[in-house]
Amino acid sequence: MVTLAEVARHAGVSASTVSYVLSGRRPISDATRERVRASIEELGYQPHAGARALASSRSRIIALMVPLRTDMYVPVMLEIAVAVATTARAHGYDVLLLTGEEGPSALRRVTGSGLAEAVILMDIHLDDDRLPVLRAAGPPAVLVGTPSDPTGLNCVDLDFTAAGALCVEHLAGLGHREIAVIGEAPGVYARHTGFAERTLRGLRDRAAELGVRLLHRPCEGGHDAVAGVLARIFDERPDVSAFVVQNETAVEPLLALLRRSGRAVPEDVSVIAVCPDQIATQASVAVSSVAIPAQELGRRAVERLVARLARPDGTDAEGVELLVPELTVRDSSGPPPRRGPGD
């Protein structure tokens, strides 16, 4: 393994000069800096991460807290995580992935040890129990999600309230007046997970404004669970002519069950989803959808955090950034069926 002293000899400078080039703690002439960097590149020198962190008081590590729960759609979470890791590396940071459900204790452990100098939190609840740790002189942080009170926090999120409203507006514009929502698993709502609660709020508020009747039913996902929820919906509201789905694992089972019951999509029933484009486009009927911009959320979270780290006092680095939802109309949504005088 190449040592710092060997780099110094190769570049014809002192070991302290190499150290200053690496840390940036003292001004070094451009010519000397380039000579040292050329030697580092030629020799393949890799600074010791622990020693570098001690010298600079910076670990160059971002902790990413992404609890992988069984009732969440993990591929979307991992897509955000990959975007975080890729963007962080482009800015010279590595990512420490925390997938457990330890909450505040994990946050205290990682940041208190100095292992990570900043943190990105995912799976945000409206009253998230990790937030008091951040507010009590916690580390620089960005939330991928929005709590009920984002005061003093740095957040990036899809505007899920607007996404829900957009779904209702699209279906109401087509003439639908009875809409059912197949939602996330019950546990997601029990935890008051931000994205699910905000989507439901947008759906309900816009439906009330437009005079649309809305029925919401949580669903575990999978064929059997969707079959039970679908039967319950048609039993309670037989005139439902459109579905909004916010549950990735329920999209294809719903289409299959509607087809099996003799209901054509979209001639008899319309379906719209809040889901990744890949799920919408690869379904048995191409589904009209509001996309989840997973990669964009991960990228922007890192960029906001890097901007925060560049300002130790945190000025101009707080607040909520909401991405505007976009609806793509595909084959699954159309006008409701015409009913005869006796229907």
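Two strands count as paired if DSSP finds at least two bridges between them. Helices (H or I, at least four residues) and strands (E, at least two) are DSSP runs, numbered from the N terminus.

With that settled, the model. It is predicted, so local features need pLDDT of at least 70 and side-chain atom pairs count only at pLDDT 80 or more, while totals for chains, interfaces and linings use all residues. Residues are numbered from 1 along each chain as its sequence is written, and side-chain values use heavy atoms, with hydrogens and water left out.

I start with the sheet. Six strands form an open sheet in the order β2-β1-β3-β4-β5-β11, and the pairing is parallel. The edges are β2 (94-98) and β11 (319-323); each has a single partner strand, so one side of each is left without a neighbour in the sheet. From one strand to the next, the twist averages 20°.

Inside the sheet, β4 (residues 141-144) and β5 (residues 154-158) pair in the parallel sense over two bridges. Which residue of β5 is the bridge partner of Leu 143? That is Cys 155.

Helix α5 (residues 74-90) lies across β1 (61-65), β2, β3 (118-121) and β4, and runs at about 155° to β2. Axes here are lines fitted to C-alpha atoms, for helices over the stretch in contact, and angles run from 0 to 180 degrees between N-to-C directions. Contact means heavy atoms within 4.5 Å.

Now two single residues. Leu 96 is found in strand β2. It is partly exposed, with a relative accessible area of 26%; buried means under 20%, exposed over 50%, and partly exposed in between, with a 1.4 Å probe and protein chains only. Leaving aside neighbours within four places in sequence, Leu 96 is in contact with Ile 61, Ile 62, Ala 63, Leu 64, Val 110 and Leu 115.

Arg 304 is in helix α14 (residues 294-309). Its side chain reaches the backbone oxygen of Gly 319 at 3.1 Å. Not counting residues up to four places away in sequence, Arg 304 touches several others, including Val 142, Cys 155 and Val 320.

Last, helix α10 (residues 194-210). Its 17 residues reach 24 Å from first C-alpha to last, close to the 24 Å expected at 1.5 Å a residue; the expected span is 1.5 Å times one less than the number of residues. Buried residues in α10 include Phe 195, Leu 200 and Leu 203. What covers the buried residues of α10 includes α8 (160-174), β6 (178-182) and β7 (213-217). Just after α10, Gly 211 takes a positive phi of about 70°.

Definitions and conventions
A polar contact is a pair of N or O atoms within 3.5 Å; within protein, one must be able to donate a hydrogen and the other to accept it, and residues adjacent in sequence count only if both atoms are side-chain atoms.
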